2 protein chains.
Amino acid sequence: MTYGNAFIALADPTRRSVFERLRGGPRAVGDIAEGLPVSRPAVSQHLKVLKEARLVTAYRDGTRQFYAIDTHGLNALRAYLDSFWGGALGAFKTYAERGAPKARARRKGSRR
Amino acid sequence: MTYGNAFIALADPTRRSVFERLRGGPRAVGDIAEGLPVSRPAVSQHLKVLKEARLVTAYRDGTRQFYAIDTHGLNALRAYLDSFWGGALGAFKTYAERGAPKARARRKGSRR
DNA sequence: CATTTCCGTAAGTCATGGCTTACTAATAGC
DNA sequence: GCTATTAGTAAGCCATGACTTACGGAAATG
C-alpha cells in the first residue's frame, strides 16, 4: 500500500512543485524553498511526506540536507496504474468501441 | 494540469476502492456502493470527482448509471510520472553511484 | 397516472492537513 | 567555545473535503 502514500504526497500542488524541483538533480532544502510561495519549514514538512512515500531520498553534506528523487515511489505508482491496463481495458474497450466519446446511441445490447 | 486532479482523485482510499471496483469492467453505482463502508451518495460524490479527473466515464442504461475506467486520466498520470525518468535519473544516478549505501548500480538502460 | 428503482444534489457536521511563527538541533568556521 | 548557517520540530489557526441524512428527478412498470 505504499502507492497510497505516494498518491497523497503528489496530490498537493505545492508538494508537487517541491518534487518537480528535484527533476534536475539533488538540491538542498533552502534551495528548493527559494522561489516557492511558502516558507522553508513548510517545504521541510512536504519533504518529510515525500520521503515517507519513498518519492525522495536524503543525504547530508555539512549543514545542508540534499534531497533527490527516489524511484521506489515512482515505480510503485507505475505498477499500480499499469494494473488497470490488463483486465479493465478489455472490458472498457468493449464499451468504448461501441460508441464512446459523447453521447452516441446507447445500444447496450442487454436491453431487457 | 489534468494529472493534478487525477492525483487528488486517487489520493483518497475510499475513492481508490471505488476506482478499483471498475477494474473488471463497467458497473452501476448501486453495485459499486454495495460492500463499501460508505453510503451510496458518498459513492456518487466520489464518482463525480473521478469523472472530472477523467479517470472514469459514465453512460446510462435505463434507470442505472454505469461507470467505466477512462484511459485519459491514466495516460496523463503515466506521462507525468515518466517525465521524471528523463533528466532526473541521470542526475540521480550520479548521486546513487557516488555512495548510496544500499542502492546497487541501477543500469536501467532504455526505460522511458 | 402512480409507483418503484436508481441515482444525483443540498446542507450541515467534523476531522484532516497545509500553513505560519516561534524555537531547537546539528555542523562549520573563527 | 561562540557565532553563523542550515534544517527539522512544535503549536496553533483555518480552509478543505469526506461523510451523513434528507430530498428531488428521471426512467421503467403496472
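Predicted model: local features only at pLDDT ≥ 70, side-chain atom pairs only at ≥ 80, totals over all residues.
1. A polar side-chain atom of B:Arg15 lies 2.7 Å from a phosphate oxygen of DNA strand D, a polar contact in the sense of a pair of N or O atoms within 3.5 Å (within protein, one must be able to donate a hydrogen and the other to accept it, and residues adjacent in sequence count only if both atoms are side-chain atoms).

2. Residues are numbered from 1 along each chain as its sequence is written, chains are lettered from A and ligands numbered from 1 in the order in which they are written, and side-chain values use heavy atoms, with hydrogens and water left out.

3. DNA strand D is surrounded by 23 residues, of which A:Ser44, A:Tyr67, B:Arg15, B:Ser39 and B:His46 are the closest; a residue is near a strand if one of its heavy atoms lies within 4 Å of it. Of the atoms of DNA strand D that come within 4 Å of the protein, 67% belong to sugar and phosphate.

4. Around DNA strand C there are 25 residues, and A:Arg15, A:His46, B:Gly30, B:Ser44 and B:Tyr67 come nearest. Sugar or phosphate accounts for 62% of the atoms of DNA strand C within 4 Å of the protein, and bases make up the rest. Helix 4 of chain B gives the most to this surface, with five residues, helices being DSSP runs of H or I with at least four residues and strands runs of E with at least two, numbered from the N terminus.

5. Within chain B, the axes of helix 1 (residues 2-11) and helix 2 come within 5 Å and cross at roughly 100 degrees. The contact (heavy atoms within 4.5 Å) involves B:Ile8, B:Ala9, B:Leu10 and B:Ala11 of helix 1 and B:Pro13, B:Arg15, B:Arg16 and B:Phe19 of helix 2.

Technical notes. Axes fitted to C-alpha atoms, helices over the stretch in contact; angles between N-to-C directions.
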